[in-house]
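Here is a short report on one protein model. Keep the sequence and the 3D view open as you read.

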Amino acid sequence: MDCSSPKAYEMAEVIKQLAENKGLQLNKDLIELMTERVGEHIEAAQHELDKLQLYFMDKEPTLEEAKEIISIHAEANTFNLIDYLVEFKIGEAVQLIKELKKQMKNRLDY
């Protein structure tokens, strides 16, 4: 997701502020990842930031590790999937479908 749209930019700013309030310093790529995965859901963003805070404690979060921790929220990613398909970003669409499928499998395993 590109944070160039007004709503995405606003959410990125909210995520940045929430992260700072929790003592997390997230770089641009991490904020973009969070924005992409939680959409406009502030409660989901807070939950994911709590997970990052617990996991990373006193060290700086890395993008690769954060990708494994931050959940993909289905509502937000339905729109991302449509965007990818409309823009012919087939690789990104397939990756998102795989992530959503993996997440659904993990839910069913409980």
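## Surface and overall make-up

The protein exposes about 7400 Å², and carbon and sulfur atoms supply 55% of that area. Bear in mind that this is a predicted model. Buried residues make up 33% of the 110 residues.

What kinds of element does the protein hold? There are 6 helices and 0 strands. From the N terminus on, the order of elements reads α-α-α-α-α-α. Now take contacts between residues at least 6 apart in sequence. Of these, 60% join residues at least 24 apart.

## The nonpolar cores

The largest nonpolar core has 20 residues. Which of them touch the most other members? They are Ile15, Leu26, Met34, Leu49 and Leu52. Four helices each supply at least two residues of this core: H1 (6-21), H2 (28-38), H3 and H4 (63-69).

Look closely at Leu49. Leave aside residues up to four places away in sequence. Leu49 then touches Ile15, Leu18, Ala19, Lys22, Leu24, Leu26 and Met34.

## His47 in helix H3

Find His47 next. His47 sits in helix H3, which spans residues 42-56. Is His47 buried or partly exposed? Its relative accessibility is 44%, so His47 counts as partly exposed. Buried would require a value under 20%, and exposed a value over 50%.

Ile70 is 23 residues away from His47 along the chain. The C-alpha atoms of these two residues are separated by 9.2 Å.

## One aromatic pair

A pair of aromatic rings is described by the distance of the centres and the angle of the planes. The structure holds 1 such pair. The rings of Tyr55 and Phe56 have centres 4.8 Å apart and planes at 80°. How does that angle classify the pair? Planes over 60 degrees apart count as edge-to-face, so Tyr55 and Phe56 form an edge-to-face pair.

The two partners differ in cover. Tyr55 has 44% relative accessibility, so it counts as partly exposed. Phe56 has a relative accessible area of 1%, so it is buried.

## Salt bridges

Side chains of opposite charge can pair when their charged atoms come close. How many salt bridges are there? The count comes to 4.

One of them joins the side chains of Glu48 and Lys51, at 2.9 Å from N to O. Both residues lie in helix H3, 3 residues apart, or about one turn of the helix. Glu48 counts as buried because its relative accessibility is 1%. Lys51 is partly exposed, at 23%. Another bridge joins Glu64 and Lys67, at 3.6 Å from N to O. Both of these residues lie in helix H4, again 3 residues apart, about one turn. Glu64 is exposed, with a relative accessible area of 54%. Lys67 is partly exposed, at 33% relative accessibility.

Glu87 also forms a salt bridge, with Lys89. Their closest N and O atoms are 3.2 Å apart. Glu87 counts as partly exposed, at 46% relative accessibility. Lys89 is partly exposed too, at 35%.

Technical notes:
Residues numbered from 1 in each chain as written. Predicted model: local features only at pLDDT ≥ 70, side-chain atom pairs only at ≥ 80, totals over all residues. Heavy atoms only, no water. Buried < 20%, exposed > 50% of the residue type's maximum accessible area, 1.4 Å probe, protein only. Contact = heavy atoms within 4.5 Å. Areas by Shrake-Rupley, 256 points an atom, 1.4 Å probe, with all protein chains shown as cover. Core = buried A, V, L, I, M, F, W, Y, C linked by side-chain atoms within 4.5 Å. Phe/Tyr/Trp six-rings, centres within 6.5 Å; stacked < 30°, edge-to-face > 60°.
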